[in-house]
Amino acid sequence: MSLETAGSNSQADASFVVRYNSDGSLDTGFGSGGIVTTNLSGREFGSSVAVLENGQIVVGGSTTINGPQEFAVLRYQPDGQLDTGFGVNGVATAGLSAQYYGAESLAIQSDGRILAAGFAINGDGQDKMALARFEVDGSPDTSFGSGGTVITLFGGSFAQSHEVRLQADGRIVIAGYAETTPGNIDFALARFDGGFQPMTISGVVYDDGNNDGGFQAGSEVGLLGIVITLTGTDALGSLVNRTTSSLANGSFEFGGVLPGIYNLDSAQPLGFLDGKELAGSGGGTVDNSTNSKTIAGIFVGPESLPATNYGFGNVLPAELSGLTWEDFNADGEVNFGERAIGNVAVALTGVDDRGQAVSLQGLTESDGAYMFFDLRPGTYGLAQVQPAGFNDGAEILGTINGLTVGSVIGNDRFGNIGLEPGAAAINYNFAERPLNGGGVSAGQTATIGFWQNKKGRALIVALNGGAGSMQLSGWLAATLPNMYGATAGANDLTGMTNLDVWEFYNSLFRRKQKEAMALGLSGPVKTDAQVFATALAVYVTNQTLAGNTASCYGFTVSQYGTGASMFNVGAAGQAFGVANGSSVSVLNLLLAVNSQSRNGLLYDLDGNGNTNNPLEKNLRTLANAVFAGINEEGDL
């Protein structure tokens, strides 16, 4: 620790600086044996000293180097050498037309500017308090007083100041004594504006709907009641820590801010993720690569304009959801009786708006649903681990606001799902199919006559609660829409009761050749009844769809029923789009026929309203043989 003192030697017309160690001995590492003497070839007086944070030493006094006596401020390096980069060769002066003008006290502002207080005696014989301010480089601060100086007289013949201090608000106080009335000398205190023009720092906290880091007042919404904190150090060296809250339009403002360097911090609004921060007119730095709510290094200068347009963007989190289920009828829709598949591993990967890789893992719930939430904007993909006990089904691409987004990029995989702030991406679904069962066996089907007789009628009418139930017709319409649904023309069963379904089947069973020809149907006249009978067997033997009602009539009821049983198509592969000799599940055979049907007409390949061409006739004939074989082989 060392101690510096300054003074003058009138015999040598020089100012001096002495540095002592903490024990009072001279610091021999400073100047010459602890003493630095400065002779500027005039009359020099040293009266005050201040030490800067970097170790430089500032000395205040007076000199006649320029002719008249004037304020002088000298700056030395820590080793005692004059700092030639300060003023003129280390000396800064502020002169008036005066007989004597000297700095008795120094104060250093936190921005480095130097205040020097003393007194001046000019030609009118009156002593006046004098105050000068110098820039960091030693030049007069022309924004202060008149050309950098302020002269004060208290009404009497003289006034002198011997001390200067800075208030926290930037104002300057000088103290000394003055003649206020003839013959009366009193303590004298004067206070001056420090030359700091308080400024404002303002901005907005908002929902950045398009995540561009800028506030669009017409389309984006400000956020109310978000706490903003202003911290930093003002030009007086005072620590600043202030808070305010955003108004209804998201705006905030800090008034009366003195020059200094500041930070703005925003609390994170509930329900939002951190968005982009924007530095305003006073500059500053932001880090939009992390969850930072800080705008740092905002500069407010002595002559700055208000610092405006500081922005704290926030983004609503996105979510992505879907389900995994057993798509028994392979229509890509979740129908009655198709069960959810829980505990299936689903992974979300991608890159968010910050360029950060995202990798999240999840499991489907007991209802088959999964959800990834609190997602940043970005581009994502999904992958599912194929659940055991099922065959892979279709991947059903989901939507955002009703629009399909993304692509299927492989089995159990979606990609290119772009999420904007607040997006709810739904129904990214993974369909699974039942495992194939054994061959068709007795008790799984019935011949077409059974369904027409009173037992068959009684079974159909009893399904799912009784004659008025529409569950059977709904399943038929959804599963086989070209044959019995929305695209089946007059054969659309949608909304029909169980009794209506039986009557429809009865009309197929009783159809005569002449009637079939009038309808444009070639091939065996019972083809339509055979196919429909198989569809009924698939439904009634599926416990999930129809319960155990059919067991009372001799059917074998199981989880998947007849639909999962296999049947060899023999030489009829062409009718189902497979090779001859292929074993295909019964439900898939029905689906293959549905895909080749138009407006309720089985195998109307050209959609002309009949099946009279040779190919269509042949396919109906082949299909009749296969479905008759199924119904006979599995007959009760």
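1. Helix 2 (454-462), helix 4 (481-484), helix 5 (498-509), helix 7 (527-540), helix 8 (543-546) and helix 9 are among the elements that cover the buried residues of helix 3. These buried residues of helix 3 (residues 471-479) are L472, S473, W475, L476, A477 and T479. Buried here means under 20% relative accessible area, exposed over 50%, and partly exposed in between (1.4 Å probe, protein chains only). Covering rests on contact, that is, heavy atoms within 4.5 Å.

2. The model is predicted: local features need pLDDT of at least 70, side-chain atom pairs count only at pLDDT 80 or more, and totals for chains, interfaces and linings use all residues. Residues are numbered from 1 along each chain as its sequence is written, and side-chain values use heavy atoms, with hydrogens and water left out.

3. The chain contains 10 helices and 37 strands; these are DSSP runs numbered from the N terminus (helices H or I, at least four residues; strands E, at least two). The radius of gyration of the chain is 47 Å, well over the 26 Å that the globule rule gives for 636 residues, so the chain is more spread out than a compact globule. That radius is taken over C-alpha atoms, and the rule is 2.2 Å times the number of residues to the power 0.38. Along the principal axes, the C-alpha atoms fill a box of roughly 140 × 50 × 45 Å. Of the 636 residues in the chain, 50% are buried.

4. Helix 9 (residues 586-595) and helix 10 (residues 614-633) have axes that come within 12 Å and cross at roughly 150°. Helix 9 is therefore roughly antiparallel to helix 10, a term for angles over 145 degrees. Axes are lines fitted to C-alpha atoms, for helices over the stretch in contact, and angles run from 0 to 180 degrees between N-to-C directions. The contact is formed by V586, L589, L590 and V593 of helix 9 with V626, F627 and I630 of helix 10. The residues of this contact comprise seven nonpolar, no polar and no charged; Ala, Val, Leu, Ile, Met, Phe, Trp, Tyr, Cys and Pro count as nonpolar, Asp, Glu, Lys and Arg as charged, and the others, Gly among them, as polar.

5. Two individual residues may also be noted. S507 belongs to helix 5 and is partly exposed, with a relative accessible area of 36%. E44, in the loop between strand 3 (35-38) and strand 4 (45-51), counts as buried at 3% relative accessibility.

Terms used:
Parallel < 35°, antiparallel > 145°, perpendicular 65-115°, else oblique.
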